[in-house]
Amino acid sequence: MNRFATVAILALVAGCTTTADPLATSTAAPAAESGPRVSASQAGRNFDTVIRRVAPVARQICQEKAPRANCNYQIYVDERPNQPVNAFQTEDESGRPVIVFTRPLIEDARNADELAFILGHEAAHHIEGHLAATRVNSQLGAVLLGSLAQAYGLSGSGVDTAATVGAEIGSRTFSKGYETEADSLGAEIAWRAGYDPVRGVAFFSRTPDPGDQFLGTHPPNASRQANVRKIASQFQQAQGV
């Protein structure tokens with residue numbers, strides 16, 4: 001096995017390792033107040049109201065911006081015990097967009113604006129085609145790094161490892177940009193549904209800050225909050241608020 005190729009691949013593996021840093025102190029403008037934690041029953045009522053108001057807006061914007069996409073969102077709650085605070089977008093076998101909220105996230109949200117922003121953000125990933133783009137980037141990364149490993153004389157498991165690392169690098173290459181796009185469009189979805197995206201993005205004031213890591217999957221929390229404030233300001237100016 002070529003020693004240089006092995007070291008290069010191990011370095012790339014190390015570069016893909018991410019950690020959840022403590023929430024960083026920022027000099028950026030303060031986020032909107034999140035408010036006190038609400039009861040589980042109130043959180044459930046907030047979520048139900050948000051679904052009724054935001055889902056139709058997300059569908060309408062999806063049809064406007066991605067007319068060839070399946071815009072019939074299906075929204076689920078993961079009720080399994082011991083799940084983390086999380087929400088994500090995926091697709092079912094027919095290509096229908098699926099958005100999943102874990103119960104802890106719903107109960108952690110301090111207000112309906114946070115839930116509306118998160119739902120808008122996940123819906124935006126589908127509208128922007130991020131899932132498909134990530135798959136393509138992952139496949140390209142696997143092929144490129146796997147081919148490079150072969151060129152340096154690796155074979156068998158060495159090539160497989162390189163392809164796996166390449167797929168990970170490919171999937172992360174544009175991830176921060178995708179998250180920023182989803183924040184921007186998610187803010188628009190929440191706004192058009194009658195919610196305040198600036199209050200919504202305050203959710204990130206309570207989450208670990210990923211920082212500005214090389215090949216990180218998400219931008220720093222302060223950057224995300226500043227971006228949403230900028231987008232919301234544009235909405236307000238357009239409406240003369």
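A: A residue is called buried if its relative accessible area is under 20%, exposed if that area is over 50%, and partly exposed in between, with a 1.4 Å probe and only protein chains taken into account. By this rule, buried residues make up 44% of the 241 residues in the protein chain. The model is predicted, so local features are described only at pLDDT of at least 70 and side-chain atom pairs only at pLDDT 80 or more, while totals for chains, interfaces and linings use all residues. Residues are numbered from 1 along each chain as its sequence is written, and side-chain values use heavy atoms, with hydrogens and water left out.

To place the rings, we need the elements of the chain. Helices (H or I, at least four residues) and strands (E, at least two) are DSSP runs, numbered from the N terminus. The protein chain has nine helices and three strands, and read along the sequence they follow the pattern α-α-β-β-β-α-α-α-α-α-α-α.

Now to the rings themselves. Rings of Phe, Tyr and Trp (for Trp, its six-membered ring) pair if their centres lie within 6.5 Å, and the pair is stacked when the planes are under 30 degrees apart, edge-to-face when they are over 60, and tilted for the rest. The structure holds four aromatic pairs. One of them is formed by Phe47 and Phe101, which are edge-to-face, with 5.0 Å from centre to centre and 65° between the planes. This pair links distant parts of the chain, since Phe47 belongs to helix α2 (residues 40–65) and Phe101 to strand β3 (residues 97–102), 54 residues apart. Phe47 counts as buried because its relative accessibility is 7%, and Phe101 counts as buried because its relative accessibility is 0%.

Another pair joins Phe117 and Phe204, whose ring centres are 6.3 Å apart and whose planes stand at 90°, so the pair is edge-to-face. Here too distant parts of the chain are linked: Phe117 is in helix α4 (residues 112–127), whereas Phe204 is in the loop between α8 (197–201) and α9 (221–238), 87 residues apart. Phe117 counts as buried because its relative accessibility is 1%, and Phe204 is buried because its relative accessible area is 11%. Together with Phe203, these two residues, Phe117 and Phe204, form one aromatic cluster.

Phe204 also leads us to Gln225, for the C-alpha atoms of the two residues are separated by 7.7 Å, although they are 21 residues apart along the chain. Gln225 lies in helix α9, and it counts as buried because its relative accessibility is 9%.

A ring can also have a charge over its face. The rule asks that NZ of Lys or CZ of Arg be within 6 Å of the ring centre and within 35 degrees of the ring normal. Arg53 lies over the face of Tyr195 in this way, at 4.1 Å from the ring centre.

Strand β3, which holds Phe101, is part of a sheet. Two strands pair if DSSP finds at least two bridges between them. The open sheet of three strands has the order β1-β3-β2, with mixed pairing, and its edge strands are β1 (74–78) and β2 (87–91), each of which pairs on one side only. Strands β1 and β3 run parallel and are joined by five bridges; in β3, Thr102 is the bridge partner of Asp78. In the loop between β1 and β2 lies Asn82, which is exposed because its relative accessible area is 79%. Its phi is near 65°, a positive value in a residue other than glycine.

Contact means heavy atoms within 4.5 Å, and Glu188, whose place is in helix α7, touches Ile61, Lys65 and Phe235, not counting residues up to four places away in sequence. Glu188 is buried because its relative accessible area is 18%, and α7 is mostly covered, with 13 of its 18 residues buried. Among contacts in the protein chain between residues at least 6 apart in sequence, 75% join residues at least 24 apart.
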